[in-house]
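This report describes a protein chain for a reader who has the sequence and the structure at hand. Please examine both before reading on.

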Amino acid sequence: MMRVIKRCAVIGAGVMGATIAAQLANVGIEAVLLDIVLPELTDDERKKGLTRESKEFRNKLANIGMQTALKSKPASFYVPENARLITIGNMEDNLGWLSDVDWIIEVVVERLDIKKIVFEKIESVLTSGTIVTSNTSGIPAKAMCEDRSENFRKHFAITHFFNPPRYMKLLEIVPSPDTLPEVIEILVETCEKVLGKGIVYAKNTPNFVANRIGTYSMFCVIKTMVDLGLTIEAVDKLTGPVVGNPKSASFRTADLVGLDTLLHVADNVYEGAHDDEKREMFKPPDFINQMIEKKLLGEKAKQGFYKKSKDSEGKKIILSLDYNTLEYTPQEKVKLASLEAAGNISGTAGKIKSLYYSEDLAGQFTFRTLTETLIYSANRIPEIADDIVSVDNALKWGFARKMGPFETWDAIGVSKSAAKMKDADYEIPLWVQEMLDSGKESFYKREAGGLYFYDLTSKDYKEVPIKPGIILLPSLKDREKKVAGNIGASLIDIGDGVVCLEFHTKMNAITEDTINMILQTADVVSRDFEGLVIANHSNNFSVGANLLMVLFAAQEEEWDDLEWAVKSLQDALMKLKYLDKPVVAAPAGMALGGGCEICMAADRVRYAAETYMGQVEVGVGLIPAGGGCKELFIRNTESLFEVQKGGIYPKQIELMPFVTRAFETIAMAKVSTSGQEAVKLGYLRPTDKMTVNRDYLMEDAKKTVLAMSMEGYTPLRPLEEIRVAGENTFSMIKLALWTMHESGYITEHDVTVSEKVGYVLCGGNVLADTKVSEQYLLDLEREAFVSLCGDPKTQARIQHMLSTGKPLRN
């Protein structure tokens, strides 16, 4: 039986160390966070009466690291309460703690001499069998293990996390020459299944895989920008979402990372890879060195490639650096014809291909930077990794890119692009040319439901390995496992008597097709299957209703159609809720509005750690009407019910505090920043469980369905006697809204919308403790929703959201 990691230690409480400790705590692993004791007290510390023996002074660096992690944005902790699993200390007083942990992670400064001192201290208290790893980004494992014992060397490896550890999936694992295979197995199992990482096996080469290629690509971008005379902001437009990269693109990312860190990583390659044919590319241009001299290091120095400032009217603006003068100037509007054309093309692959073959300045930039990166990536195999899959995964997981270099090369056409490269005097890597000459024109291919990659050693395609426990819906559909479907959704047999309902509209918005498929699915599952999972592979589970259709119906005053649409969604979700087979929703990414309501209609939810759930309808002047108000009220008050004589009866407890909690959650459009916070907000129940690595989410949800079925599933019965707070509590809500409006905190329209929320949650104009049914509350929701659709201010809010993606206050 594989050893379970239950307790860890992190040595080094800087940004990286503290946030690695945070992620350990997020998944329930106890951690100790240690750093050095500073040599001297500050004057302020002396004034406070602290001495060198004071714990506050001795644990200062670890405490600063912890507080920084708690305040970080984006948040390092799923919920702040997770920090309770971290104990802070120092390397002098608390070194003995290391003898009681299963895994020690070193995250100190990138200097071999300092790391060796740390490892010597660790070994003085090390228990036999404890795993020790380093988070180094480039120092060889063999060098770090010099002078260490055989036991230390056998249990040592490199585990290179990417920043921020909570959000970046990549973990590069590099064994030392003496590392035991079972140590790597334990690290892989823990990091993949528990911490949620995607593992890439790297080699003892400078900067391993992701940083080696990512840094080269960045320096190509800088050089090409200067050669073509492009601006910083233009390059960020060309290297951002249009080519499948995050919004931070190149230079905003560099500001976040820190220019000094970027240069340190580049210097690792320059000093450590003497045989690299592109070694000179890792030498920074003069203006970068000047930025270092002027301390223009990025976010930590409050100025880098960008700088926050204010205009003459005091409004906040972001200036960009003119790299010729090193002065900050207002950003210029980027106007590049091929960039605008690419923005109108569907899909990342099509956008990249369009830019690559364009002849204008944007096209020249894309051709040069992409060609350099593709050729460099190909030339690094097998030096830094054994196959193209590892390289692609490293770039996607380490830098949040949609496509890796070889997937990108396939997208632009390997044969066609190679010809263009040759015309521009680039040399195609030998193995790529051999692949093309053998008649194979892509690095990847799909066949019989499987994904295959070109293997350099065998010079043929090999199937991309799929680990047990990973369900891939496209593969199942290729193998004709689709049970039913329409434009909006598909029902797919995922084995063992379980089917998966997959949405596939844009952003998985809920349409008439989606609703029809939910209704059909309920009938099919009831008749032919053991249970249902609702999940998909999209970035977002579902963003809720199709607002464009809502706006169109409202503007055309098609009230009956709107009423019918809302009633159809309500009926579909009630049918799911009371289905005679178990239903498990498996959300990941955004589950907003109707997407949240779908989850609330399920028996259980198996949520991804990164699930952002909320009822956001008030942001566009509407209220939740697919059962969202009803369900949140029930979840906030279900603890007030008790079982007596075989029935469920309400306890006579004042409802107002519980109604208020539900009201604030909806009226403030609260969205969770994690799945765990969705439990705190009441969208999910404590009995709902989390999967950290989304790759295993569907399988975990399927197991939940099977477990519920095996236990003997008994469907719920519709609630007919829900005790509501009534008109007195509603009056209190209206008074609070009036006070906020009079104080200038909310607009008149905010009052209108919020009163509708309060009206539904209180059960309408009825006496306190009146008992109503679920259907009664649904009718109130639907009536309020349709009436708000007729409000011109609501229509203006919807229009504004559709055109800008941001809420409007009117």
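What volume does the largest cavity have?

## The largest cavity

The largest cavity has a volume of about 60 Å³. The model is a predicted one, and a search of the whole structure finds two cavities of 30 Å³ or more.

The lining of the largest cavity is made up of Gln-570, Leu-573, Met-574, Lys-577, Glu-597, Ala-601, Gly-626, Gly-627, Lys-630 and Glu-631. Three helices each supply at least two residues of this lining: H24 (559–577), H25 (594–601) and H26 (628–637). Helix H24 gives the most, with four residues. Sorted by class, the lining has four charged residues, three polar residues and three nonpolar residues.

## The chain as a whole

The protein chain has 33 helices and 27 strands. Along its principal axes, the C-alpha trace spans about 80 × 70 × 65 Å. Buried residues make up 55% of the 810 residues in the chain.

How does the radius of gyration relate to that of a compact globule, and what are the two values? A compact globule with 810 residues would have a radius of gyration near 28 Å, and the protein chain has 29 Å, which agrees with that expectation.

Pro-74 lies in the loop between helix H4 (60–71) and strand S3 (86–90).

Pro-164 belongs to the loop between strand S6 (156–161) and strand S7 (170–175).

## Positive phi values

Phe-208 is a residue other than glycine with a positive phi, near 60°. Its place is in the loop between strand S8 (198–201) and helix H9 (210–228). Is Phe-208 buried or exposed? Phe-208 counts as buried because its relative accessibility is 0%, and the cut-off for buried is under 20%.

Asn-508, likewise not a glycine, has a positive phi near 55°. This residue is found in the loop between strand S17 (498–503) and helix H22 (512–528). With a relative accessible area of 1%, Asn-508 is buried.

## Aromatic pairs

A pair of aromatic rings is described by the distance of the centres and the angle of the planes. How many aromatic pairs does a search of the whole structure find? The search finds 20 aromatic pairs. One of them is formed by Tyr-216 and Phe-282, a tilted pair with 5.9 Å from centre to centre and 50° between the planes. This pair links distant parts of the chain, 66 residues apart: Tyr-216 is in helix H9, and Phe-282 is in the loop between helix H12 (259–272) and helix H13 (286–293). Both Tyr-216 and Phe-282 are buried.

Trp-409 lies in helix H18 (residues 405–412) and Phe-443 in the loop between helix H20 (430–437) and strand S12 (444–447), so the pair ties together parts that are 34 residues apart in sequence. Trp-409 is buried, with a relative accessible area of 0%, and Phe-443 is buried with a relative accessible area of 0%.

Which residues do ring pairs link into a cluster? The cluster consists of Phe-406, Trp-409, Trp-431, Phe-443, Tyr-454 and Tyr-461. As a further reference point for Trp-409, its C-alpha atom is separated by 26 Å from that of Gly-229, a residue 180 positions away along the chain.

## Charges over rings

In two places the charged end of an arginine sits over the ring of a tyrosine. The charged end of Arg-252 is 4.1 Å from the ring centre of Tyr-306. For Arg-279, which sits over the ring of Tyr-270, the distance to the ring centre is 3.9 Å.

Note on methods: Residues are numbered from 1 along each chain as its sequence is written. This is a predicted model: local features need pLDDT of at least 70, side-chain atom pairs count only at pLDDT 80 or more; totals for chains, interfaces and linings use all residues. Side-chain values use heavy atoms; hydrogens and water are left out. On a 1 Å grid over the protein atoms alone, a cavity is a set of points where a 1.4 Å probe fits but cannot get out, and a pocket is an open set with protein on both sides within 12 Å along at least five of seven lines; lining residues have an atom within 4 Å of a point. Grid points are joined across faces, edges and corners, and a volume is the space filled by probe spheres set on the points. Ala, Val, Leu, Ile, Met, Phe, Trp, Tyr, Cys and Pro count as nonpolar, Asp, Glu, Lys and Arg as charged, and the others, Gly among them, as polar. Buried means under 20% relative accessible area, exposed over 50%, partly exposed in between (1.4 Å probe, protein chains only). Rings of Phe, Tyr and Trp (its six-membered ring) pair if their centres lie within 6.5 Å; planes under 30 degrees apart count as stacked, over 60 as edge-to-face and the rest as tilted. A charge sits over a ring if NZ of Lys or CZ of Arg is within 6 Å of the ring centre and within 35 degrees of the ring normal. The radius of gyration is taken over C-alpha atoms; the globule rule is 2.2 Å times the number of residues to the power 0.38.
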